Amino acid sequence: MKELQTRLQAKPFYLNEEQIRWVEATLSGMTMEEKIGQLFCLIGYTSNEGYLKNLAQNVKIGGLMCRQMPAAEVIDTVRILQENAQIPLLISANLESGGSGIAKEGTVFGSPLQVAATDDDGMAYRLGVVCGREGAAVGANWAFSPIVDIDYNFRNPITNTRTFGSDPERVRRMGVQFVKGLQENGVAASIKHFPGDGLDERDQHLVTTVNDMDCEAWDATYGAVFRDCIEAGAMSVMIGHIMQPAYSRKLSPGIRDEDILPASLSYEITTKLLKEELGFNGLVITDSTTMAGMVIPMPRSQSVPRTIAAGCDMFLFTRNFEEDYGYMKQGVADGIITEERLNDAVTKILAMKAALHLPQKKAEGTIVPSPERAGEILGAEEHRQWADACADRSVTLVKEEAGVLPISPAKYRKVLLYGIETTGGFFEAKESAADIIKAKLEKEGFTVDLFNPNRGMEGMMVPYSEVTDNYDLILYIVNLVTKSNQTVVRIEWAFPMGANVPIYMGSVPTVFVSVENPYHLLDVPRVRTYINTYNSAEHTLDALIDKLTGRSGFHGKSPVDPFCGKWDARLS
């Protein structure tokens with residue numbers, strides 16, 4: 001008992017005696033079924049009262065993650081859950097780029113890569129502050145951020161703009177500042193995705209991926225990032241469905257290759273490496289358990305309880321709640337999850353709730369936020385000013401053909417605009433960026449035509465001269481979004497014969513802008529003027545127009561290699 005009290009008094013929870021008594025009394029009064037219920041953090045898309053009451057009163061889940069909804073609906077969701085739960089819930093969200101991660105009215109501050117392009121650690125702190133303030137304003141107390149993966153592999157389709165870049169030192173500094181900004185505003189951080197994504201070019205939503213660094217290299221990069229964020233007080237860590245073979249072999253000598261498991265199922269990686277080697281004493285949660293990366297190694301009936309047995313304390317989402325709850329309960333009955341491990345996991349969950357003062361807030365009646373107060377905080381003027389400053393300082397001129405910029409109607413009266421976009425993107429990306437840019441340019445006085453692909457085949461295409469004789473400038477606006485469940489982020493050119501490939505650069509000044517993915521020089525290496533904005537939010541597009549027209553200079557510093565290691569991409 002004394003050892004438990006010592007652990008709870010230590011980093012990151014720092015519980016006082018009253019809080020420790022609440023944890024101990026709550027744990028001792030719980031049934032086995034209630035303890036199992038606390039292991040689950042489900043997902044919320046709706047404020048349906050009957051559904052939420054069942055989760056709080058009968059299932060007695062430990063937490064719920066809110067997807068983006070209108071603020072009023074988020075607050076209503078929180079109210080129903082917290083008023084009907086005996087033990088207050090952890091309410092989480094993907095607060096990665098601003099308060100917009102939970103509330104539609106929230107600030108879109110900027111992607112982590114956009115923040116990294118400012119090369120200002122203070123900007124990462126501000127991002128954490130905005131996520132914390134605006135998340136808390138609608139009832140969130142836990143952020144699944146910051147992402148402290150390192151974007152080493154430009155082909156990785158999921159890390160990309162969600163990271164602070166490919167420099168581990170910058171990722172470390174900015175991750176630490178984000179944690180501080182977030183937790184100073186009453187929202188627990190969850191650094192992710194341990195043991196580190198960004199090396200493999202595959203997506204753990206679709207396959208078990210691999211961090212294949214040797215132990216020494218991992219210690220100096222990913223290990224240093226996680227260690228310093230832990231030292232900064234991060235209350236939780238999210239575990240990825242990512243293997244780390246070097247440490248699995250080191251910590252389990254003689255382990256066979258076929259027995260190496262993703263961290264979410266690996267005792268070696270989650271308990272020995274994270275908890276023992278790195279000294280993490282906070283709450284450990286899996287990444288989404290609907291991902292293929294977790295269930296490919298073994299049947300789901302085994303993988304569900306194995307996450308907790310490996311050292312994870314909470315289980316994020318389910319494929320089917322009744323089935324997964326049954327698997328977890330059977331895992332306890334079969335001894336896969338020992339009583340000691342179950343009690344330890346639930347203790348960590350309760351301890352984080354106590355550290356966030358949730359029992360106290362519930363007793364005081366302050367755990368449900370005021371809609372009026374939320375309205376004052378979401379999209380606050382200070383937050384918008386910070387976001388504007390981030391956009392101004394992050395837009396990056398990667399390559400420049402002499403004499404092309406700045407642009408003006410007097411210099412380039414007629415503009416041919418090529419828009420290349422995906423729809424249904426995740427992570428708050430804006431659709432129709434090309435249409436928005438067209439409208440902004442026309443407001444500036446440009447005449448802008450949207451490109452329509454040729455319909456003729458060889459010998460019957462529109463003459464080359466129809467473009468060169470009729471347009472003064474060609475502008476590409478490419479908005480291909482990083483999102484889950486895709487295997488690559490590349491340009492797929494229009495039919496026929498790559499009709500929208502840049503081929504007029506020798507005759508018509510051409511500017512290529514990527515508003516999301518920073519790696520498109522792989523597909524357009526000989527473009528002579530190339531710009532990355534890292535984010536498609538309206539205020540970022542405004543900053544882009546200011547840069548193009550010369551009202552503002554380019555200040556961004558690329559946090560990744562935009563040339564993708566290709567020598568020809570550097571040519572102008």
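I will begin with the second largest pocket, which is lined by 18 residues, with E3, R7, E340, R341 and D344 lying nearest its centre; a pocket here is an open set of points on a 1 Å grid over the protein atoms alone, where a 1.4 Å probe fits, with protein on both sides within 12 Å along at least five of seven lines, and lining residues have an atom within 4 Å of a point. This is a predicted model, in which local features need pLDDT of at least 70 and side-chain atom pairs count only at pLDDT 80 or more, whereas totals for chains, interfaces and linings use all residues. Residues are numbered from 1 along each chain as its sequence is written, and side-chain values use heavy atoms, with hydrogens and water left out.

Helix 1, helix 12 (267–277) and helix 16 are the elements that each give two or more residues to this lining, and helix 16 gives the most, with six residues; helices are DSSP runs of H or I, at least four residues, numbered from the N terminus.

Turning to the helix pair, the axes of helix 1 (residues 2–9) and helix 16 (residues 339–355) come within 11 Å and cross at roughly 40 degrees, the axes being lines fitted to C-alpha atoms over the stretch in contact, with angles from 0 to 180 degrees between N-to-C directions. L4, R7 and L8 of helix 1 meet D344, T347, K348 and A351 of helix 16, where contact means heavy atoms within 4.5 Å.
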